[in-house]
Amino acid sequence: MPDPQLALTARVREALAAAFGPSYAGTDPVIRPSQFADLQANVAMSLVKPLTAERGEKQNPRNIANEIVAKLDKGDLIDKVEVSGPGFINLTLRDDWIAGQAQQVLADPRLAVPKTDAPQRVIVEYSSPNVAKEMHVGHLRTTIVGDAIARILGFLGHEVIKDNHVGDWGTPFGMLIEHLLDLGEEKAADDDSSVSDLTAFYQAARQKFDGDEEFAGRARKRVVLLQAGDPETLRLWQVLVDVSKRYFNTVYERLGVTLTDDDIKGESFYNDLLAPTVQELEDKGIAVVSDGALCAFPPGFTGREGEPLPVIIRKSDGGYNYSSSDLATIRYRVDTEHVHRMIYVVGAPQALHFQMVFAVSRMAGWLGDDVKAEHAQIGNVLGTDGKILRTRAGGTVKLSELLDEAVERAGERFDAIEHQEDFDAATRDEIVEKVGIGAVKYADLSVALDSEYIFDIDRMTLFNGKTGPYLQYATVRIRSIFRKGGIDPEKATGPITIGHEAERALALRLLDFGSVVEQSGELSEPHRLAGYLFELAQAYTSFFENCPVLKAPDEETKASRLALCAATLTTLTTGLDLLGIPVPERM
RNA sequence: GUCUCCGUGGCGCAGUGGAAAGCGCGUCGGGUUGCGGACCCGAAGGGCGCAGGUUCGAAUCCUGCCGGAGACACCA
């Protein structure tokens, strides 16, 4: 991989070994970005102590730095080396090395990002909406972030199992099914105002359940029938599930999320596994009865009064809850799916729940050094007032309405601009849809996933600044150059040479793509990639300002600049694709 | 009471233990009708909630406090 940090790490290590002996060959030279050069090695300061001990007299970090530099083989990699400050080693790369590496990036469809040599089977659990309920803002981030993580890990060569753990089981289904029967099954499924408006459907059922004893009684009986596997009840349940799936898929399609029906493994899937899972926990002596409920008490968790906190595995009425379900899920993923890593892209409020479920799973031996589970805590979405986003009436905000609003705002901004070309209404709508959705997704993906974030449509739809539309625009401008020049980007193969400072900065930035993607995947932090793409786009616009491409002074320069444009375009579109952000060809 | 997350320029956010803390919006001042100005350049503006500690070096690690959000027994 053409990663300058890696290349310099290897090179400086050789110098360390040559200067201080083979035992230093494994020492981390601490290569970091520098404001005074391309990169800097910060290892000298940390070597003072061991070298002082070894040599028996007080060592000076600047001298140590000089010793390293004396043994450093600049080769075809390093242009300038200088020791400064207390012992920083400033490293400037050779222009031709940068150009050569950029050339490799350009020549490789994978942008010189290698597939991992240690592929893992990874489950990414995300989105997880509830059947018979509308998706709301809370699902936005889990869906978008989870999809980005899945795409990134897949690109890196891991075997990714996407898992949409939909809420399709449990007590609410009694009332939902009874309500469906009350409405009349045929009518309900077709009527736009009933099942297809899931929020209204759910609320109506809820209201009857709370206010009508007779209905509530029927609903409770219906739950028992459902869990006992009564065929007619299951059929009605399936009706609700199917309506919901169709609805989920319209949302996923609109969002450009890769989830399909095949990725759905809802709570119902684990129904038959609940009893054996609980049995195993009992056999292992982890589960004990407390207040009539079967519980596990993982050490270190206490409640309000300092009392041990249970994970309830089976309720006192014999029923199961979401802890049982999550435990059965972990057991299944370990025993049957043989995964190495599980990433739960789920809201932060459930942090304690997952900590405890993971703790119990470790007690049971399901999780350990070879199988890891992590909770990617998704922070709450806030309104511009800094409070949890709600409608004016205080209800939850529907996802589709939020998207409509963003697309509409994007459209207003789009129309306010003087365009390079005229778009007919259909094309305009198509572009605006991509801009609006891209704006929402980029805003969502550009902040650290565990911090709360303010959903500000005005801000995210700006066509300048750190936004989706700005990045989309950067790609459009590049395409425009190729179009105007009548050149196929595929045929812009260079060779790349470095003449101007802006060319150098751009090429250097291109080399970081692989390590950024790797980090984003390893840490489950797609915002690193989002931030990088913005920096790359900025480097490109600076290049664009300073370095004429089609009007370059000579053919060699033109070929090189076209190649830089092509490499940037591919990197941007590949990166945006890993984030699941749509990219219009014109706008 | 326990636990999680968060406190960084007016606002919104980045920041692998390394030099003078960055970016976007906004503000002020310039450039440019260009290979798409939906752009670029420059300026003002904070020393990272507070107090200790570890370290050659802390926004980053540790401890304690303050402030905000949230979770904490049979809902998911």
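Me: Which residues is Val 345 in contact with, leaving aside its neighbours within four places in sequence?

Reply: In this predicted model, Val 345 is in contact with Val 124, Glu 125, Tyr 126, Thr 142, Val 145, Gly 146, Ile 149, Ala 376 and Ile 378, where contact means that the C-beta atoms, placed from the backbone, lie within 7 Å. Local features need pLDDT of at least 70 and side-chain atom pairs count only at pLDDT 80 or more, whereas totals for chains, interfaces and linings use all residues. Residues are numbered from 1 along each chain as its sequence is written.

Me: What makes the set that includes Val 345 a nonpolar core?

Reply: A nonpolar core is a set of buried Ala, Val, Leu, Ile, Met, Phe, Trp, Tyr and Cys residues joined through C-beta atoms within 7 Å, a residue being buried if 20 or more other C-beta atoms lie within 10 Å of its own. The largest such core has 166 residues, and Ala 102, Val 345 and Leu 533 have the most contacts inside it. Helix H22 (residues 555-579) gives the most to this core, with 11 residues.

Me: Why are E7 and E9 called edge strands?

Reply: Two strands pair if DSSP finds at least two bridges between them; strand E8 (residues 293-296) is joined to E9 by 3 bridges, therefore these two count as paired. The open sheet has the order E7-E8-E9, with antiparallel pairing, and strand E7 (287-290) and strand E9 (311-314) are its edges, since each pairs on one side only. Within the antiparallel pair of E8 and E9, Leu 294 stands opposite Arg 314 in E9.

Technical notes
Chains lettered and ligands numbered in written order. Helix = DSSP H or I, 4+ residues; strand = E, 2+ residues; numbered from the N terminus. Buried ≥ 20, exposed ≤ 12 C-beta atoms within 10 Å, placed from the backbone. Contact = placed C-beta atoms within 7 Å.
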